[in-house]
Amino acid sequence: MSTITPVGERFHAELTELSTLTDSDRPGWTRRALSEFDIAGRDFARTLMKRAGLETRIDGAGNVIGVLRGRLGGREIMLGSHTDTVDGGGRFDGVTGVLGAIEVVRLLQESDVRLDHDLVVVVFFNEEPNDFGFFCVGSRAMTRLVDRTTLAAVDTTGRSLAQALPDSGIDPESFLDAAYDFSKVTAFLELHIEQGPELERIGKQIGVVETITGINHFKALFTGRQDHAGTTPMDVRADAGCAAAGTVLAVEAIAESGTNTRGTSGQIQFTPEAVNVVSATASLEGEFRGPDGSWLNEAQRRLTSAAAEQSEKRGVHVEMEWTTDDAPVPLHEPITSTIAEVADDLGLSRATMFSGAGHDAGIIAAKTQVGMIFVPSVDGRSHCPEEFTDLGDIVPGISVLLEAVLRVDGRFGS
Ligand code: HGY
Ligand code: MN
Ligand code: MN
């Protein structure tokens with residue numbers, strides 16, 4: 001077992017510097033995909049990768065890929081996560097896995113440890129939901145899960161993803177051609193903050209993720225009739241806003257009916273936005289999550305009928321589309337048990353976990369063996385400025401990542 005100790009100070013310095021790359025007009029930390037701040041964040045990560053001795057490139061889908069050549073070559077162990085954030089998010093979501101992977105590269109180099117495998121570090125493009133209804137865009141491109149319909153998706157202004165990508169230096173045609181050759185990848189490992197309260201609640205240091213949640217995203221457009229708020233009697237209105245609001249409550253009621261299930265209506269927009277006008281249209285975006293694919297499909301069916309009912313009774317028209325329906329993803333036993341064994345050997349307390357958060361690991365799992373390592377989130381908070389994980393909890397996570405890489409290197413694939 002390695003006695004190599006991660007240098008927490010380096011992690012903290014790099015996290016602090018990366019945290020300055022944010023949209024200062026927004027609360028918390030904001031590096032939304034396809035923004036100048038996201039580009040700056042991925043450029044900064046690439047600089048760190050180069051300094052750590054990685055050969056770096058940007059693939060056709062904006063993923064930053066760094067390689068540390070191994071002794072034998074031919075086979076790869078992949079690490080990575082993301083640097084983009086939600087609007088008004090935190091500093092640790094995704095970044096912990098990117099900086100942690102770079103620290104593992106440095107530690108290997110500084111200790112003159114040469115893996116048999118090539119070690120590949122990926123900063124995935126656009127992990128968080130973008131304005132076009134997609135998330136985990138870079139990892140989907142690497143795993144052939146994008147096509148011309150992805151490019152044709154439009155935001156609320158009618159602009160398509162194909163029109164937006166070039167602003168991030170991504171050519172739409174190369175975006176479609178960014179499939180990665182996973183046949184040479186022995187395993188993918190992602191270090192990530194838990195983003196929930198479980199590890200803190202049970203007092204454990206390491207989460208060994210067993211399953212990543214399924215996620216069904218929807219977009220709905222309710223079209224009613226714009227009218228005067230004061231002169232239009234209630235019984236003759238076609239109020240798009242009320243139809244949307246009724247659907248928001250249906251999301252909540254359906255999600256409350258399951259176990260470990262979640263339902264969220266994260267975006268709603270009335271037009272016109274006028275206090276004295278009955279809304280003509282209302283756009284609504286939301287999602288269901290859970291560990292059971294059949295529950296997710298049933299929730300999708302129930303919400304579709306609830307939205308229709310909320311609309312019909314008001315003389316409102318509704319168009320609803322499900323932009324993603326990612327089934328729950330079981331991670332791979334040989335890798336998860338290696339992570340658990342490493343935590344035990346390092347004397348770290350651990351728990352097996354379900355991830356209520358989605359991750360690039362959940363997309364990559366379709367192509368290679370995958371394991372995820374969680375470290376605790378203070379108060380279980382994430383996707384908010386209060387998101388925080390103590391450095392004293394991150395360093396053990398990096399140690400587990402390093403040791404897991406060493407064991408995967410020695411046991412599998414070469
Ligand atoms: O939304 C998620 O679960 C992830 O943090 N992107
Ligand atoms: Mn996130
Ligand atoms: Mn994340």
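In the predicted model, the manganese ion (ligand 3) is coordinated by His 82 through NE2, Asp 93 through OD and His 192 through NE2, at distances of 2.1 to 2.3 Å. Along the sequence, these donor residues follow the spacing H-x10-D-x98-H. His 82 belongs to strand β3 (residues 76-82), whereas Asp 93 occupies the loop between β3 and α3 (95-110); the two are eleven residues apart, and the pair links distant parts of the chain.

The separation of the two bridged ions is 3.6 Å.

At the level of the whole chain, the protein is divided into domain 1, formed by residues 8-213 and 328-411, and domain 2, formed by residues 216-326. The C-alpha centres of the two domains lie 33 Å apart. Contacts between them involve 15 residues of domain 1 and 13 residues of domain 2.

The size of an interface is often given as the accessible area lost when the parts come together. For domain 1 and domain 2 the buried area is about 1,100 Å², and carbon and sulfur atoms give 51% of this value. On the side of domain 1, Gly 133, Pro 328 and Phe 354 lose the most area to domain 2, together accounting for 40% of what that side buries.

Five residue pairs are in polar contact between domain 1 and domain 2, with both residues at pLDDT 80 or more. The residues of domain 1 that touch domain 2 divide into nine nonpolar, four polar and two charged. The count of salt bridges between the two domains is one. Asp 326 forms a salt bridge with Arg 140, in which the closest N and O atoms are 2.6 Å apart.

Side chains of opposite charge can pair when their charged atoms come close. The structure as a whole holds 24 salt bridges. One of the salt bridges brings together the side chains of Asp 87 and Arg 26, with an N to O distance of 2.7 Å. Asp 87 is located in the loop between β3 and α3, and Arg 26 in the loop between α1 (8-18) and α2 (36-51); the partners are 61 residues apart, and the pair links distant parts of the chain.

Two features of the backbone geometry complete the description. Most residues other than glycine have a negative phi, and most peptide bonds are trans. The peptide bond from Thr 271 to Pro 272, however, is cis, with omega near -15°. Pro 272 is found in the loop between β9 (262-271) and β10 (277-278). Arg 144, a residue other than glycine, has a positive phi, near 60°. Arg 144 is situated in the loop between α4 and α5 (148-152).

Notes. Residues are numbered from 1 along each chain as its sequence is written. Chains are lettered from A and ligands numbered from 1 in the order in which they are written. This is a predicted model: local features need pLDDT of at least 70, side-chain atom pairs count only at pLDDT 80 or more; totals for chains, interfaces and linings use all residues. Side-chain values use heavy atoms; hydrogens and water are left out. Domain bounds come from an automatic or database domain assignment. Contact means heavy atoms within 4.5 Å. Buried area is the accessible area (1.4 Å probe) that two parts lose on being put together, summed over both. A salt bridge is a side-chain nitrogen of Lys or Arg within 4 Å of a carboxyl oxygen of Asp or Glu. A polar contact is a pair of N or O atoms within 3.5 Å; within protein, one must be able to donate a hydrogen and the other to accept it, and residues adjacent in sequence count only if both atoms are side-chain atoms. Ala, Val, Leu, Ile, Met, Phe, Trp, Tyr, Cys and Pro count as nonpolar, Asp, Glu, Lys and Arg as charged, and the others, Gly among them, as polar. Donors are N, O and S atoms within 2.8 Å of the metal (3.2 Å for Na, K and Ca); water is not among the atoms, so sites may look incomplete. Helices (H or I, at least four residues) and strands (E, at least two) are DSSP runs, numbered from the N terminus.
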